There are 4 protein chains.
Amino acid sequence: MSHQATMDDLIAFRRDLHEHPEPAWREFYTTARIVSELETRDLDGLYVGPEIMDTDERMAVPDDAEIETWFERAREAGAREDVLDQLKGGYTGALAVVERGEGPTIALRVDIDALPITESDEDDHLPTSEGFRSQNEGFMHACGHDAHATIGLGILDAVIASDFSGTFKVFFQPSEEQVAGGKAVAESGHLDDVDYLLALHVGLDHPTGEIVCGVDGFLAVSHFLAEFTGAPAHAGAKPEEGKNANLAAAAAIQNLYGISRHSDGATRVNVGLMGGGTATNIIAEESFIEGEVRGATTELMQYMEERAHTVIESAAAMYDCDVEISVEGKAPSARSDDLLMDIVGEVSEGVEGVTSILRSDELGGSEDATYLMNRVQEQGGLAAYVGVGTDHPGGHHTRTFDVDEETIRIAIDVMAGSIEQLAAKQA
Amino acid sequence: MSHQATMDDLIAFRRDLHEHPEPAWREFYTTARIVSELETRDLDGLYVGPEIMDTDERMAVPDDAEIETWFERAREAGAREDVLDQLKGGYTGALAVVERGEGPTIALRVDIDALPITESDEDDHLPTSEGFRSQNEGFMHACGHDAHATIGLGILDAVIASDFSGTFKVFFQPSEEQVAGGKAVAESGHLDDVDYLLALHVGLDHPTGEIVCGVDGFLAVSHFLAEFTGAPAHAGAKPEEGKNANLAAAAAIQNLYGISRHSDGATRVNVGLMGGGTATNIIAEESFIEGEVRGATTELMQYMEERAHTVIESAAAMYDCDVEISVEGKAPSARSDDLLMDIVGEVSEGVEGVTSILRSDELGGSEDATYLMNRVQEQGGLAAYVGVGTDHPGGHHTRTFDVDEETIRIAIDVMAGSIEQLAAKQA
Amino acid sequence: MSHQATMDDLIAFRRDLHEHPEPAWREFYTTARIVSELETRDLDGLYVGPEIMDTDERMAVPDDAEIETWFERAREAGAREDVLDQLKGGYTGALAVVERGEGPTIALRVDIDALPITESDEDDHLPTSEGFRSQNEGFMHACGHDAHATIGLGILDAVIASDFSGTFKVFFQPSEEQVAGGKAVAESGHLDDVDYLLALHVGLDHPTGEIVCGVDGFLAVSHFLAEFTGAPAHAGAKPEEGKNANLAAAAAIQNLYGISRHSDGATRVNVGLMGGGTATNIIAEESFIEGEVRGATTELMQYMEERAHTVIESAAAMYDCDVEISVEGKAPSARSDDLLMDIVGEVSEGVEGVTSILRSDELGGSEDATYLMNRVQEQGGLAAYVGVGTDHPGGHHTRTFDVDEETIRIAIDVMAGSIEQLAAKQA
Amino acid sequence: MSHQATMDDLIAFRRDLHEHPEPAWREFYTTARIVSELETRDLDGLYVGPEIMDTDERMAVPDDAEIETWFERAREAGAREDVLDQLKGGYTGALAVVERGEGPTIALRVDIDALPITESDEDDHLPTSEGFRSQNEGFMHACGHDAHATIGLGILDAVIASDFSGTFKVFFQPSEEQVAGGKAVAESGHLDDVDYLLALHVGLDHPTGEIVCGVDGFLAVSHFLAEFTGAPAHAGAKPEEGKNANLAAAAAIQNLYGISRHSDGATRVNVGLMGGGTATNIIAEESFIEGEVRGATTELMQYMEERAHTVIESAAAMYDCDVEISVEGKAPSARSDDLLMDIVGEVSEGVEGVTSILRSDELGGSEDATYLMNRVQEQGGLAAYVGVGTDHPGGHHTRTFDVDEETIRIAIDVMAGSIEQLAAKQA
């Protein structure tokens, strides 16, 4: 008999995760907690850490010392040693598989990582007043992934408890915030037999009770880090001996924004971070810029990426500098399939607490669930990305963000209902 | 009877300072040690901290927390509480005055601050092998100011011990490395009755035994910090709402280097440090550039400074950003007077260990002793900046820099001899 | 009895205009020929030159000498002196009005100007082989406005010959190629009583026989000319005395392309022309850039325009230069109304030679018919911009462009039919 | 017996040249007139056009049509056909050789080309009031090369008439204004046996009666023309298909000015001319920048040139454009030898009308006499560049420039006297 969480259990679980926010590839405590829960369910497969991904495809992996720090922190917070052992080196996340006879293979994807944001300590911030504010100072679940992981567990329970027929997989994916984990999971092989994939996100400026059957308008994105290396020199005595890495970076920045707009659709470029140099009187030997390009389609993003690399390399050459460009995160564009949106819509109509159903809405941002969606769609399957409204006091990625926990139940009902319906239809 | 240090005393003193390197406006231990020594001499005046400067003219003053940190560190290292009390708020440095009857007023200026450089811990680095490596990790006397302070003390003793007639002042000036302290001291009033001013520097790529009677080629310099403030926005969803501080900084950098060369002589410009932004997907709200302009003359520096400010302000305006420009350090140009160079040359010929005497040499860098030199010269006095060679294993401002302590004696003999000669000539 | 042109007459008329291509505000021969034709029709109103426009709103008016040159050229080519007198100063174009009792006021707008392109003199270019190649070397009807004027005349004849009831106005608008004439005509007052406005364009990559009921996707556009004035100086002897207009222009160009993309839709920016300076060894005193910004909506264009002006002014300030920015052409965005598109579609179905009917298509460029469309729509009227396919051997704005003259008849039948239908419906 | 010109002849000759100013490689009339005069002298060698140069080393040669235009103009102005035949293709200039027994080989170099400046037609401009204003409208002898050629002829006569012993060569060099002719002449072979070379320039802000024995401070210079080729595209419809030559040029301009200053001495950079594009709505396919770099030494110029090429090529690469860089003019630095300066100084003391003798002065500009000077000095000879003051109402290279013709006599006396003295000393 599979353990089934009550809503109280789920809320406690969510708050535990909320207290222990962990950023990309460092979701040690989070994964250990999820795995502990999963082990009490009647599963046909449980995959942990490196088993759920193509380990060569991780992006933006922190350095060893950084990983080690978070590993130790998770241990001290009480994460199970045997699970931690499986996650060594920053291979986080988990996959639960349930096989229930004939029927389609349906997958659900939720993400589990947190953000480098310091959580509000004001009393009007519920996690603070209720005592589950982040214990990892400087980090915060400010985008609801704590709720996502919880919802994933709840849906699993609901599907197991139903008369679902087929195979059901729940991916607890790491490292979404930097769009650094989706590709590795998409290429794990675990998606290759999936007929239907559902992903979800809470909030997105939709209130509690509102469902978006299919979120669209994902901008394909590529994060880049360009590190320039020149030669230092005393700026007063021997300026001509310098190879000016700051100037190379500045030339790159200026010209990156000058990449031509494209008539096929929206594109974006941003150098969000820059830095360089050591002293006012030294020609800077090293500098970096970190940024992103986006496109309304994967092709548009690739156009931007190619042009960006040319600009960066030319800027380096202009000042006799070397440059290393690395891709720190990436996600394609994607669209939701009509059939799945139809079913989500129908099911939502019957879910208590749902007060508004939108066929679709534009995200205007990026997500690496798109890698998984594309993978499934390329192999003939269908996919949809569902929005589940939640009243959130502060905006996403702000220190006062929080989720209305009522949303957890609604999301479970809508998604589990849709999965059961899908399996039934197929049969 | 005035205490007079032996060479052993002086070397011990220098090594003590070397072990406690302190950067600009944080020379608490250093000043306390100097004052302790001075108090044992037969002085006619002793001025400490705020008494030696126009307190409004300090530049690049660190924030209170930073000053407090170093203040506590000095206390813990054993600095005298009563002296520390006089230095509160980061007013460091000291001035010793000796009055010995009729005669000219002669001043000596030495500087006392250290650099933010991590000292070598290799055994072939003498301070390491001899046990007086920096105890303030990350900071180091890598430009010989520990020796300068020591030489200042030695010269004072020698002058007191001689039949010098006149008034003699020794300035232990803080904050030279960022050319942030010279102006405040120059405008203290203590220079206004000075007939002759001598300053000195060890090393400068001259070997032990070589004397440069007058160093020339000071580039006037101005350090600037420009802080840009724009408006953040999500780079994917609402790029048009951003006011891009990184782009403003990049435009400033590119165009700063484009300031026209000047037909009157050498100019320089460098943006040594830059930084900005918080995340790849956020239009940067804040950025900064920190750099310097120089000129072969004070006028050329001012030309560069004025143009630089126009460029920076226009770059900010271009991207609807605000910008705050602050001057973090400044020094005019200066030249050494022939009469003083003559005397230093003559005296050097009779000093044991002097093997080579150069009339003059180009510094090719900046120094804020120039403020003091200009002050004296503007009022009809004479000034010279003397180079005292020392074998230094690593270059100035590198982690393996060290001074040949034999230099301390040579410098004292040359400078004290010149001061006595000057006083004698005048009489 | 109104004169009515045969198809042979119309083709001869079109070829005569083709032989005498004239650019913006210089359509002297063209206007005189049109007026000569109009005078033989039974009109209720004929307005010429300054009478059809708000004369203060002309943009990109050439200088007097240039206007005079073309004026003389028209005279020498045989244009009627009495008409030319009405056009003095570069006020070109004409408006024919027919009043036929009760009914709506319907307007047609065609444009009449040519381009600064040298026409092909190859034998496979029909105007060359048939002997009506441009006599104004360097200028060419390379966008079909010769056909537009002819079609306008043919529609007028057809409407007069029909049992049309209402008021019908045909605007022969000057200066469309630089979007410099539409605003002046739109603000003439002649549009203010118009219920329905139709405009048309041949070609646009649609073949003969294809009709586009309503062209959409007009990008709002603003052409700017920025003229920088600095100060000259000898680049070797006194570079610092220069105020470098070339550098100011270069900084403007770089940063114009860096204006942020907008999340509301497509934007464009281009500096198509630049120039500056007099000699390699002189700091440039004068320079200019000429370009355009566009937006999918008028608001987006205005966003780009405002940012562009800020960038240009800041670039000038950066180099102590002055700058004059002038708007050389401008057009808002617009959309076609469904009712008119419906009627054009219905009528087209019955027109001989029409083989394909598209509801709508994207222009992807700019047009100042939009000023007239907006004017009518703002006052409660309807407007549509119709595409009439024509086989054109070379692309628009190329030296081998030509129109299939069969298109003239099709266009007349479609448009005159639609106008009659509209009047009938209303009645 | 050699013809010897009177001062009246010389003045008439100078005014004839002044009336027929011809720019670089187009000095057809000028050369023909010089050759006509030389043929009446008792010469031992007369070389014309291609015979005086390494024809591969001409720089900035105009296109054939341009050369042809000036060739015809010279013919129409009455230039001798037989001489013109020798100059075909733009090989202008002449060399006269006199051999008078034993003695050193001494050379004189004068330049003969004019500038693209429109001469003043005001009555207070002497060439206008006296009737010898430029007949080649838009061109002018605004730097005194008409006087230089005349002085060369006068010196030749004076040397022939003296008891000079040795060999004497007078180079009438073309194309100095663009520093485009010196290299070709320097590498002709005719300099290779020269022991002493004298060059001269009138004016340079020195009044009539002032002699500068040796002008120094020549900045080495290199003129470049960079032509960018990208790809055109409609800026509204398909901006992404463009390769933006205007943007590439703007990036090049900005970064050229950013080339680092050099601690070895003065450098310069200027983009004096720029242009590009065809229409506001077309991404520019072609653009160009034309400029120069300079250095206080030839090495400094080369440093600038190398960096400039890197910047230009990188800017092109940044926008996927091609670029062709051509050197349009070039001159090294040079210095005058003491021995020659001594002799010029001594001789000047005895010349009537000389009222002031300066040992040396800084030019602050460029000259390609330096190629010839370097050539002679590299082979062990000596060289000097002499300044001969002249009252000039307007500055050099302005429309009101003129020379005080009294200078012609003074220059002949100083230079011929020096040449005789040199020959005598040697003997």
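This report walks through a predicted model, from a chain contact to single residues.

## Where chains A and B meet

Chain A puts 37 residues in contact with 37 residues of chain B. Four elements of chain A each supply at least two residues to the side that touches chain B: helix 8 (245-256), strand 9 (267-276), strand 10 (282-283) and strand 11 (286-295). Strand 9 of chain A gives the most, with eight residues. By residue type, this side of chain A divides into 16 nonpolar, 17 polar and four charged.

Strand 9 of chain A also pairs across the contact. Three bridges join it to strand 9 (residues 267-276) of chain B. The two strands run antiparallel. Within this pairing, A:Met274 stands opposite B:Gly276.

## The annotated binding site in chain A

An unreviewed UniProt entry carries the annotation "binding site" for A:Cys143, A:His145, A:Glu177 and A:His201. These residues are spread over 59 residues of sequence. In space they cluster, and the largest C-alpha distance is 12.5 Å.

A:Cys143 sits in the loop between helix 5 (126-129) and helix 6 (145-161) of chain A. A:Cys143 counts as buried because it has 25 C-beta neighbours inside 10 Å, and the cut-off for buried is 20 or more. Leaving aside neighbours within four places in sequence, A:Cys143 is in contact with A:Leu115, A:Glu177, A:His396, A:His397 and A:Phe401.

A:His201 belongs to strand 5 (residues 196-202) of chain A. A:His201 has 26 other C-beta atoms within 10 Å, so it is buried.

## A covered helix in chain C

How many of the 11 residues of helix 2 of chain C are buried? The count is 10, so helix 2 (residues 28-38) is mostly covered. The buried residues include C:Phe28, C:Tyr29, C:Ile34, C:Val35 and C:Leu38. C:Arg33 and C:Glu37 are buried in this helix as well.

## A loop lysine in chain C

C:Lys238 lies in the loop between strand 8 (233-234) and helix 8 (245-256) of chain C. Is C:Lys238 buried or partly exposed? C:Lys238 counts as partly exposed, because it has 16 C-beta neighbours inside 10 Å.

Not counting residues up to four places away in sequence, C:Lys238 touches B:Ser263 and C:Ala233. C:Lys238 and C:Ile283 are 45 residues apart in sequence. Their C-alpha atoms are 9.4 Å apart in space.

Key:
Residues are numbered from 1 along each chain as its sequence is written. Chains are lettered from A and ligands numbered from 1 in the order in which they are written. This is a predicted model: local features need pLDDT of at least 70, side-chain atom pairs count only at pLDDT 80 or more; totals for chains, interfaces and linings use all residues. Two residues are in contact if their C-beta atoms, placed from the backbone, lie within 7 Å. Ala, Val, Leu, Ile, Met, Phe, Trp, Tyr, Cys and Pro count as nonpolar, Asp, Glu, Lys and Arg as charged, and the others, Gly among them, as polar. Two strands pair if DSSP finds at least two bridges between them. UniProt positions are given in the numbering used here, feature names are shortened, and annotations may be inferred rather than shown by experiment. A residue is buried if 20 or more other C-beta atoms lie within 10 Å of its own, exposed if 12 or fewer, and partly exposed in between; C-beta atoms are placed from the backbone.
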